[in-house]
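Have the viewer open as you read.

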Amino acid sequence: MDVEERLFRQESGRIVTALSRMFGLDNIALAEDVAQDVFCRALEVWKLRGVPENPSAWLMRSAKNRAIDLLRRERIARKLEPELGRLLESEWTLVPTVNEFFSAESIKDDELRMIFSCCDPQINEETQVALTLSIVCGFTTSEIASAFLRKRSTIEKRIERGKKSLAKSKRLFDMADGELTTRLSAVHRAIYLLFNEGYHGASAETSVRSELCREAMRLGGLLLENRLVSSPVTYALCALMWLHAARLPTRLDRKGELTPLRDQDRSSWDASLIAAGNDLLDRAAFGPDLSEYHLEAAIASVHSNAANEDETDWARLVWLYDMLVTIRPSPVVELNRAIAVAQLKGPERGLEAIRSIERGEELALYPFYSAALGELEFRAGHAGSARKHFEAAVALARNRVERRYLEGRRDAVR
Amino acid sequence: MSEFVYLYRGGRRAETPAEGEVVMQRWVGWLQDLASKGHVKDQGQPLEAEGKVVRGRTVTDGPYPESKDIVGGYTLIEAKDLAQAAELAGGCPIHDFGGLVEVRPVMKM
């Protein structure tokens with residue numbers, strides 16, 4: 001079940017990408033219809049004939065045949081750009097041209113170009129992410145809506161707007177474009193948001209969330225494979241995702257309950273992901289750019305390489321958070337810094353740090369802000385105040401998992 | 001053992017790929033189970049919904065009179081008798097999607 005589901009996700013992205021390079025980005029709806037149709041037909045056949053050995057190749061082949069069929073019957077070629085249209089209109093060149101579009105090599109390049117097309121800085125970040133999820137990752141509108149706790153209609157409108165903006169350019173983003181560097185930062189940001197939504201997000205469905213993390217890592221992997229975009233920042237972003245993903249299985253336990261870092265069984269962290277993450281972080285350490293991803297990856301690496309909470313290098317963490325606050329000031333980063341300060345210098349100093357957070361009022365609705373206050377008040381010996389903060393945190397919980405965890409903390413305060 | 005044809009008639013199509021996958025897996029599971037018990041002679045083929053109807057010299061396109069009756073596929077089954085063949089058809093996932101299985105004995109000479 002799982003295998004086929006991921007299969008559609010990946011293949012639909014690839015099919016839509018190959019087809020929309022052929023038909024033009026303004027015909028993306030047609031490309032999506034074809035992908036959906038190919039998949040539904042495959043399911044009808046597999047129902048009786050069983051799933052073939054290489055379903056992915058099977059889907060690609062039938063998408064290709066369907067494209068040839070459409071080009072022959074519907075005379076779509078006439079509407080395409082003249083140069084390509086001629087190749088696709090002539091029976092002599094039709095099949096070889098379509099074959100080229102569906103070759104493994106071009107699909108890989110095109111997938112990357114499609115990600116860059118979706119992450120157009122002209123459209124807002126949330127729309128970039130939704131568009132990428134929809135086109136490149138094959139998520140349905142409802143899945144995206146449930147991942148981001150938004151109404152289906154909101155996401156629908158957002159994607160529609162994004163597609164209109166995509167259609168303006170007709171062609172996929174050209175990696176030789178002078179805008180590549182700007183786009184690359186937008187792509188990094190979108191992948192980062194995608195991963196974060198999976199890792200910290202508010203959706204209660206664990207399956208959706210680990211899927212988001214997996215997709216973010218897959219997209220990161222595509223960037224690593226292309227020398228034009230495998231910059232130190234790309235390495236840093238991937239290091240950050242790999243190191244966090246290593247802890248994912250213990251962060252949410254088998255019952256889907258939230259387990260804080262302190263209580264996680266570190267022996268169940270994925271050692272191979274940690275090793276790969278550390279390696280990526282090493283490779284990120286060249287060139288002049290020190291990005292927020294470098295710092296976040298370094299922070300994750302400190303945690304991943306510590307045997308337990310006591311042996312964690314809190315001084316280094318405070319130092320890293322200090323730099324992160326400078327590069328990307330945000331109340332959430334400052335909150336995390338304050339927690340590290342508390343570990344290093346005691347709860348009173350941590351509470352001071354929390355109180356001096358700039359724009360701290362933005363955290364008013366963030367349940368883990370109240371929870372952090374509760375935690376530190378408790379450690380400082382103020383049970384009454386701690387309980388009040390936990391009470392507030394429970395009221396702000398965004399889903400069942402968070403609520404259960406916070407209630408547990410509240411009840412632990414006696 | 002006698003041979004029977006299962007004709008799968010009607011049944012709504014899945015609405016999303018995700019639902020389709022679940023349905024597909026159930027079919028695969030059901031047929032695998034039948035095959036492991038030696039009941040599947042030929043797993044058969046799915047059929048396109050569209051086609052032509054030929055009556056004498058008149059050839060017309062579908063649609064057929066009742067779309068719910070369209071044969072969507074067939075399987076060749078081996079069973080002890082019609083009763084057993086009918087009983088085995090009861091497990092087909094098509095029943096949950098508004099379709100039916102027509103069980104027809106292959107004529108013996």
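This is a predicted model: local features need pLDDT of at least 70, side-chain atom pairs count only at pLDDT 80 or more; totals for chains, interfaces and linings use all residues.

Along helix 1 of chain B, the buried residues are B:Pro17, B:Gly20, B:Glu21, B:Val23, B:Met24, B:Trp27, B:Leu31 and B:Leu34. Look down the axis of helix 1 of chain B and you'll find its buried residues within an arc of 165°, so they line one face of the helix. The general rule behind such a pattern is that an α-helix has 3.6 residues a turn, so residues three or four places apart point the same way. Now turn to the other side of helix 1 of chain B, where B:Gly29 and B:Ser36 are exposed. "Buried" here means that 20 or more other C-beta atoms lie within 10 Å of the residue's own, while "exposed" means 12 or fewer.

Helix 1 of chain B is 20 residues in length, and from first C-alpha to last it reaches 28 Å, close to the 28 Å expected at 1.5 Å a residue. Just past the end of helix 1 of chain B sits B:Gly38, with a positive phi of about 80°.

Chain B has 2 helices and 6 strands, and along the sequence they run β-α-β-β-β-β-α-β. Its C-alpha atoms fill a box of roughly 45 × 45 × 20 Å along the principal axes. Of its 109 residues, 23% count as buried. If you take the contacts in chain B between residues at least 6 apart in sequence, 77% of them join residues at least 24 apart.

So where does chain B touch chain A? The contact involves 17 residues of chain B and 17 residues of chain A. On the chain B side, helix 1 (17-36), strand 2 (40-46) and strand 5 (71-79) each supply at least two residues. By class, the side of chain B that touches chain A divides into 7 nonpolar, 8 polar and 2 charged residues.

Along the principal axes, the C-alpha trace of chain A spans about 80 × 50 × 35 Å. Buried residues make up 42% of the 414 residues in chain A. Among contacts in chain A with a separation of 6 or more, 61% come from residues 24 or more positions apart.

Where they meet, 17 residues of domain 1 of chain A are in contact with 17 residues of domain 2 of chain A. Which elements give two or more residues to the domain 1 side? They are helix 1 (2-23) and helix 5 (91-101) of chain A. Helix 1 of chain A provides the largest share of that side, 10 residues. Sorted by class, the side of domain 1 of chain A that touches domain 2 of chain A has 7 nonpolar, 5 polar and 5 charged residues.

Methods:
Residues are numbered from 1 along each chain as its sequence is written. Chains are lettered from A and ligands numbered from 1 in the order in which they are written. Two residues are in contact if their C-beta atoms, placed from the backbone, lie within 7 Å. Helices (H or I, at least four residues) and strands (E, at least two) are DSSP runs, numbered from the N terminus. Ala, Val, Leu, Ile, Met, Phe, Trp, Tyr, Cys and Pro count as nonpolar, Asp, Glu, Lys and Arg as charged, and the others, Gly among them, as polar. The expected span of a helix is 1.5 Å times one less than its number of residues. The arc is that of the directions from the helix axis to the C-beta atoms.
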